[in-house]
Amino acid sequence: MKGLRWRYTRLPSQVDDALSGEEKEEAKEEEAAPAPALVPAPEDPKETQLSEASQVLGASEIRQLSLHLPARVTGHSWSLAFCTARDGFSLRSLYRQMEGHSGPVLLVLRDQDGQMFGAFSSSAIRLSKGFYGTGETFLFSFSPQLKVFKWTGSNSFFVKGDLDSLMMGSGSGQFGLWLDGDLYHGGSHPCATFNNEVLARQEQFCIKELEAWVLS
């Protein structure tokens, strides 16, 4: 008599049924669960557009300065109205190049020591009998980090230009920034208008490059 072979078939238990049901529910929940929302990265500030490359400021300096400009000129293109490399070292030439412009001006320069500094004027640079400008005017210096010196409210000696010199900020006979008629020699002293530090490494300096950008 041949031996009988038994075949066993495992029947699902209640525990298996329960586990199977839970797995199905979890699968359903996973299918139904919404995908995590993607948070868009913050947009970079709009890049400042220059009419041509600056010989004084790099992209980093331009970006830093842009953050301190008045809201009314934010996003405006920068047009190079004057530069010593093209127009020569002459204050009179600077005045001539400013004719016809009324918008704000960013004056930037590098001295013979490699220091970068300058000023923002709320209106075009021009010949004047007295001081002009508004409280938007400020001085700045990269030493090497950007330092901005805003109006203190102490006086309104913002900008004054004659044939022999250009002055920005004043108090007690000192100027925050002054340039001579040849745009070669200059000086910087603490002044009440901006409560600024000396912008260059020394109070007296010689200019290597100067640019005047009209923001309009």
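The structure is a predicted model, in which local features need pLDDT of at least 70 and side-chain atom pairs count only at pLDDT 80 or more, whereas totals for chains, interfaces and linings use all residues. Residues are numbered from 1 along each chain as its sequence is written, and side-chain values use heavy atoms, with hydrogens and water left out.

Arg86 forms a salt bridge with Glu52, and the closest N and O atoms of the pair are 3.8 Å apart. This pair links distant parts of the chain, 34 residues apart: Arg86 belongs to helix 3 (residues 84-87), and Glu52 to the loop between helix 1 (14-32) and helix 2 (59-66). Helices (H or I, at least four residues) and strands (E, at least two) are DSSP runs numbered from the N terminus. Glu52 is also partly exposed, at a relative accessible area of 38%. Together with Asp87, Glu52 and Arg86 are linked in a network of salt bridges.

## Other salt bridges

A salt bridge is counted where a side-chain nitrogen of Lys or Arg lies within 4 Å of a carboxyl oxygen of Asp or Glu; the count by this rule is 6. One of them joins the side chains of Arg72 and Glu136, with an N to O distance of 2.7 Å. Arg72 is in the loop between helix 2 and strand 1 (78-83), and Glu136 is in the loop between strand 3 (116-121) and strand 4 (138-142), so this pair ties together parts that are 64 residues apart in sequence. Arg72 is partly exposed at 44% relative accessible area, and Glu136 is partly exposed at 28%.

The side chains of Lys160 and Asp162 also meet in a salt bridge, at 3.9 Å from N to O. Lys160 counts as buried at 18% relative accessibility, whereas Asp162 is partly exposed at 23%.

## Two buried serines

Ser122 lies in the loop between strand 3 and strand 4 and counts as buried, with 8% relative accessibility. Its C-alpha atom is separated by 6.1 Å from that of Thr134, 12 residues away along the chain. A polar atom of the Ser122 side chain lies 3.0 Å from the backbone nitrogen of Thr134. Beyond neighbours within four places in sequence, Ser122 is in contact (heavy atoms within 4.5 Å) with residues including Arg72 and Glu136, the two partners of the salt bridge at 2.7 Å.

Ser165 is located in strand 7 (residues 165-171) and is buried, at 15% relative accessibility.

## Helix 4

Helix 4 (residues 91-98) has buried residues at Leu91, Ser93, Leu94, Tyr95 and Met98. Ser90 caps the N-terminal end of this helix, with a side-chain oxygen 3.4 Å from the backbone nitrogen of Arg92. After helix 4 comes Gly100, whose phi is positive, near 90°.

## Nonpolar cores

In soluble globular proteins, nonpolar side chains tend to be buried together. A nonpolar core is here a set of buried Ala, Val, Leu, Ile, Met, Phe, Trp, Tyr and Cys residues joined through side-chain atoms within 4.5 Å. The largest such core has 32 residues, and those with the most contacts inside it are Leu94, Met98, Ile125, Leu166, Leu177 and Leu179. Strand 1, helix 4, strand 2 (105-111), strand 3, strand 7, strand 8 (174-180) and strand 10 (204-215) each give two or more residues to this core. Strand 10 supplies the largest share, 5 residues.

Leaving aside neighbours within four places in sequence, Leu177 is in contact with residues among which are Phe117, Leu139, Leu166, Leu199 and Phe205. A second, separate core holds 19 residues, including Val56, Ile62, Leu80 and Leu215.

## Backbone features in loops

The peptide bond between Ser143 and Pro144 is cis, with omega about -10°; Pro144 lies in the loop between strand 4 and strand 5 (146-149).

Ser172 is not a glycine, yet its phi is positive, about 55°. This residue is in the loop between strand 7 and strand 8 and is exposed, at 80% relative accessible area. Asn195, likewise a residue other than glycine, has a positive phi near 50°. Asn195 is in the loop between strand 9 (185-187) and strand 10 and counts as exposed at 61% relative accessibility.

How values were computed. Buried < 20%, exposed > 50% of the residue type's maximum accessible area, 1.4 Å probe, protein only. Polar contact = N/O pair within 3.5 Å; in protein donor to acceptor, adjacent residues only side chain to side chain.
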